[in-house]
Amino acid sequence: MRDLHFVARSVLLICLFTSCTAFLMHNPNPKAMLLHSRMFPRRTDRRFTATCSASSKRDDSDAEDPRLNEVSAQNVHGEDSFCLQSRRDVVTAAALFLPTAMLVPTPAHAKKKKGEDQATVPAAPFVPGQKIPLAPVLGTCCPCPVGGSVEFSDEGSGAGSEGTCDETFTQVTQGIGAGYRWVDTATHYNNEKSVGLAIRQAEAGGDVKEGEVQAITKVWFEELGYEATRRSCRASLARLGSSSLGAVLVHFPGTIDSVQSPGKNKKLRAETWRALEDLKKEGKIRYIGVSNYVRRHLKELLSTCEIRPDIAEMELHPYFQQRELVALCKENGIQVVGFSPFAHGELGVLEDRRIAKIALKHTRTPPQVILKWLLQEGLVPVVKASSAARMAENFNLQGFELDQDDMAAMRLLDSSKRVGFDPNQIA
């Protein structure tokens, strides 16, 4: 009877030992590995200590670190390595009591989740330095015919102060109703008064809160220079009827005359930017930026400015994607705003069969696919429309996402075809 009890106790101890060993094989915890080393003291070398030390500092984010894979490979292939020798001992013990070892559950962190190795569609890219919401901006007519029927007190001076524009007033009123919260304008568009009136009317009617709708305006190339830029911004404040401006951009990086002075344009750009920096410091402008700048203009600005641009507006559509300029902006935390997303209806962009195929796949229109593509690239489109229904259609981009194949197909459409003025001509 005594011998029977001895045999039973021995079997229980061996089973317990085997179970612990099997558990330690699956557990990457350094403390568990240290316990294992004490079970097999002859199988441990200095590399084991280094492994435990490194593992104690590791978190889940290191799981895919290739350096950790290199360490594991060294441990596995070393003649005296802890991993190889300890596994031989474990296999020997487990072979005797495999059923017991199989009862030990695999730790949750060691289990592979279903579909873990399958490729997944990445989320929309993060936009460094995002300033305005990642949603369409409402474009307005430019330049607008002035002398409309909308009554407005004339407090402004300079470009665009002659009168009002009924078309812009209607566009902005309908756009606010469709959900747009940023409106694109400029002194050269002759419509700042109508933009401001439509915004204030929506605020007065309770459609939006005060300051909820903001305007992006621009300093025309005839108003470049320190004092001229400050005067231009004061006039824009008066025309928009606001105490501060949402965003002010340099419309062009210089004059577009046939005979240009590179030195003069460079000086005007520097003085203009200094004026915008000062106005931002004074709280008169929320965001400052540039428009129609090419890479050399932007690099010049980044090398001399005190405050980096918040926004860079440029021509962007499927046939003209400006990837290098966009990359430069993102590297420097500059939010990219793209005008002419449909290429002014030219070049056959809206009739492109490849875009139409993606639109059919998602039961959407080609314009919606183009706008969604820009947004998923982290770019803000400026879009104009002639009717309230079309405005709503262009803004309503929820409920579908372009997948990796769609995004790749859209990127392949780039053919460097510009429809607007080429600012490379500006020295």
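User: In which helix is the place of S232?

Analyst: This is a predicted model, and what follows should be read with that in mind. Helix α9 covers residues 226-240, and the place of S232 is in that run. The element asked for is therefore, by the DSSP numbering from the N terminus, helix α9.

User: Is S232 buried or exposed, and what is its relative accessible area?

Analyst: A residue counts as buried under 20% relative accessible area and as exposed over 50%. S232 falls in the buried class, because its relative accessible area is 3%.

User: Which side chain makes a polar contact with the side chain of S232?

Analyst: Leaving aside the neighbours within four places in sequence, S232 is in contact with T187, V219, E223 and R239. A polar contact at 3.2 Å joins the side chain of S232 to the side chain of E223.

User: Why is helix α14 described as largely enclosed by the rest of the structure?

Analyst: Helix α14 spans residues 366-376, and its buried residues include P367, W373 and Q376. The cover over these buried residues includes α13 (353-362), β8, α15 and α16 (404-411).

User: Which residue just after α14 takes a positive phi?

Analyst: The backbone just after α14 has a phi of about 85°, and the residue that takes this positive value is G378.

User: Which element gives the largest share of the lining of the second largest pocket?

Analyst: The second largest pocket has a volume of about 760 Å³, and 32 residues line it, with C142, F339, S340, H344 and K384 lying nearest its centre. The elements that give two or more residues to this lining are β8 (380-383) and α15 (388-395). The largest share is 3 residues, and the element they come from is α15.

User: How many residues in the lining of the second largest pocket are charged?

Analyst: Sorted by class, the lining of this pocket has 14 nonpolar and 12 polar residues, and the number of charged residues is 6.

User: What percentage of contacts between residues at least 6 apart in sequence join residues at least 24 apart?

Analyst: The protein has 16 helices and 8 strands, and buried residues make up 47% of its 427 residues. Its accessible surface comes to about 22700 Å², with 54% belonging to carbon and sulfur atoms. Among the contacts between residues at least 6 apart in sequence, those that join residues at least 24 apart come to 77%.

Conventions: Residues are numbered from 1 along each chain as its sequence is written. This is a predicted model: local features need pLDDT of at least 70, side-chain atom pairs count only at pLDDT 80 or more; totals for chains, interfaces and linings use all residues. Side-chain values use heavy atoms; hydrogens and water are left out. On a 1 Å grid over the protein atoms alone, a cavity is a set of points where a 1.4 Å probe fits but cannot get out, and a pocket is an open set with protein on both sides within 12 Å along at least five of seven lines; lining residues have an atom within 4 Å of a point. Grid points are joined across faces, edges and corners, and a volume is the space filled by probe spheres set on the points. Helices (H or I, at least four residues) and strands (E, at least two) are DSSP runs, numbered from the N terminus. Ala, Val, Leu, Ile, Met, Phe, Trp, Tyr, Cys and Pro count as nonpolar, Asp, Glu, Lys and Arg as charged, and the others, Gly among them, as polar. Buried means under 20% relative accessible area, exposed over 50%, partly exposed in between (1.4 Å probe, protein chains only). Contact means heavy atoms within 4.5 Å. A polar contact is a pair of N or O atoms within 3.5 Å; within protein, one must be able to donate a hydrogen and the other to accept it, and residues adjacent in sequence count only if both atoms are side-chain atoms. Accessible areas come from the Shrake-Rupley method with a 1.4 Å probe; for residues, only the protein chains shown count as cover.
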